[in-house]
Amino acid sequence: MTSKILHHDQMYIDGLLNNNSSIIESIYKKFAPKVTYYIKMNSGSADEAQDVIQEVIITIYNQAKTKGLELTCPFDAYFFLLCKRKWLNELKKSYNKEVTIKDENVSIDKDVEKLAIETEEQDEKQSLFDEMFQKLGEKCQEVLKLSFVTKTMEEVASKMNVTYAYVRKKKSICTGQLTELIQQSNRYQSIKY
Amino acid sequence: MQEELYIAFENYLNNEMTSEEKVDFENKLQNQESFKKQFELYKETTQFLEVKFSNDTIDFKENLKSISKDHFSDTNKKKSKVISLQSKWFAIAATLVVFVGVWFMNSGGNPTYSDFNQHENANFTERGSVIKDLKAAQEAFNDKNYEKAIPLFEKVLEEYKRPEIEFYYGISLLEVNKTAQAEVVFNNLKDGKSVYNQKATWYLALTKLKVEDFEACKTYLKEISSDSEDFEKAQELLNELD
């Protein structure tokens with residue numbers, strides 16, 4: 001692993017991972033007003049800002065949890081860029097909105113942009129996984145969900161009233177099926193691996 | 001064929017292979033590009049499922065949702081909580097009570113629990129199997145029928161323990177004078193990481209006020225920080241106790 005120099009704002013990432021309420025609250029207090037202002041200035045409402053912010057925080061959490069996330073730039077810049085790009089995407093998706101972007105002419109730091117793009121790619125994968133999971137059969141969804149929520153596979157077996165061997169086999173096959181669905185999707189082809 | 005492959009992946013990830021199987025498996029990983037690719041995707045899928053369904057993630061999302069809701073309702077409505085018409089009259093009446101209370105207190109009396117027991121309405125947004133009991137508990141609580149709410153909350157908490165539910169359960173206990181039990185609930189919340197840890201401190205103070213342990217009440221009140229929404233009430237009560 002390359003040793004990067006961590007920004008001291010890494011505490012926000014760690015706070016999210018530890019579900020630390022006071023850190024989450026301080027993210028809202030310090031960084032949400034700027035995002036809300038930006039979205040309101042650009043054809044959005046406070047409710048829409050609330051959704052964008054919440055989704056971006058979940059995206060950051062997911063990346064930190066699955067891949068690890070090492071912040072090499074200020075949290076403020078990274079968070080704001082993610083929210084802004086997400087909002088612009090939303091605007092593009094809904095045609096009936098007249099889009100007029102009011103933007104300060106700021107150049108974006110290369111580090112911030114690189115990190116934000118990585119996070120978006122990870123989020124793209126995450127949403128592909130989610131979408132494909134929904135396409136699995138009901139039984140498979142149930143087995144997989146229970147296998148990860150429940151502590152041991154023995155417990156899963158007794159909850160579902162089947163044998164341990166059956167659950168083990170079923171879990172492997174269902175995970176395999178999920179990988180097949182993912183590979184067959186068009187979106188998978190366009191995501192870099 | 002595919003099935004066997006997936007079972008092998010699973011066994012390898014769970015470290016459940018004999019050493020020969022393992023050597024064979026790792027050889028394939030090194031030498032067969034498509035095998036390796038399939039395995040990597042299988043591994044990543046497992047990781048995705050792990051995060052998606054972990055209790056940590058579920059707790060995190062719940063907590064985030066409630067912080068987000070609080071933040072936006074505070075900033076949008078300038079701190080005006082959702083108060084029903086009925087409780088507006090109640091608020092006016094309570095204000096009068098406080099005025100009269102202050103009048104009497106000046107002549108030496110102590111403030112009482114009933115001057116301060118205005119509770120926020122419960123408004124749960126949970127899903128799943130507990131929803132029926134929780135809705136019933138919420139209704140009973142908002143109707144101030146605490147005797148009825150308590151067993152319902154207990155039933156829900158047995159399989160679905162969440163800080164916001166414990167919080168309203170604690171208030172119900174306090175209202176029916178089960179103060180020792182209420183104290184346990186609020187103490188747990190106070191030590192927890194949820195958004196209810198500050199509110200729990202305020203309610204611990206109220207519990208002490210109700211049993212007329214004024215010194216302990218003051219100690220809790222002093223712990224409430226200035227950015228808490230109960231800060232003003234706490235200061236008011238502190239003044240009256242001094």
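Which hand does the crossing of helix 8 of chain B and helix 9 of chain B have? The crossing is left-handed, a term for a near helix turned anticlockwise from the far one by less than a right angle, with clockwise being right-handed. This is a predicted model, with local features needing pLDDT of at least 70 and side-chain atom pairs counted only at pLDDT 80 or more, while totals for chains, interfaces and linings use all residues. Residues are numbered from 1 along each chain as its sequence is written, and chains are lettered from A, with ligands numbered from 1, in the order in which they are written.

Back to that pair in chain B: the axes of helix 8 (residues 163–175) and helix 9 (residues 179–191) come within 8 Å and cross at roughly 155°. Axes here are lines fitted to C-alpha atoms over the stretch in contact, and angles run from 0 to 180 degrees between N-to-C directions. The two helices of chain B are therefore roughly antiparallel (over 145 degrees; under 35 is roughly parallel, 65 to 115 roughly perpendicular, the rest oblique). Helix 8 of chain B brings residues including Phe167(B), Leu173(B) and Leu174(B) to meet, among others, Val185(B), Phe186(B) and Leu189(B) of helix 9. The contact residues divide into nine nonpolar, four polar and one charged; Ala, Val, Leu, Ile, Met, Phe, Trp, Tyr, Cys and Pro count as nonpolar, Asp, Glu, Lys and Arg as charged, and the others, Gly among them, as polar.

Chain A has nine helices and zero strands (DSSP runs, H or I of at least four residues for helices and E of at least two for strands, numbered from the N terminus). Of its 193 residues, 30% are buried, meaning that 20 or more other C-beta atoms, placed from the backbone, lie within 10 Å of a residue's own. Contacts (C-beta atoms within 7 Å) with a separation of 6 or more come 72% from residues 24 or more positions apart.

Helix 8 of chain A (residues 164–184) has 21 residues, so it should span 30 Å at 1.5 Å a residue, and its end C-alpha atoms, 31 Å apart, agree; the expected span is 1.5 Å times one less than the number of residues. Its buried residues, among them Val167(A), Cys174(A) and Leu178(A), pack against helices of chain A including helix 5 (110–135), and also against helix 1 (2–13) and helix 3 (33–53) of chain B.

Helix 6 of chain A and helix 8 of chain A have axes that come within 9 Å and cross at roughly 110°, so they are roughly perpendicular. Cys140(A), Val143(A), Leu144(A) and Ser147(A) make the helix 6 side of the contact.

How values were computed: Buried ≥ 20, exposed ≤ 12 C-beta atoms within 10 Å, placed from the backbone. Contact = placed C-beta atoms within 7 Å.
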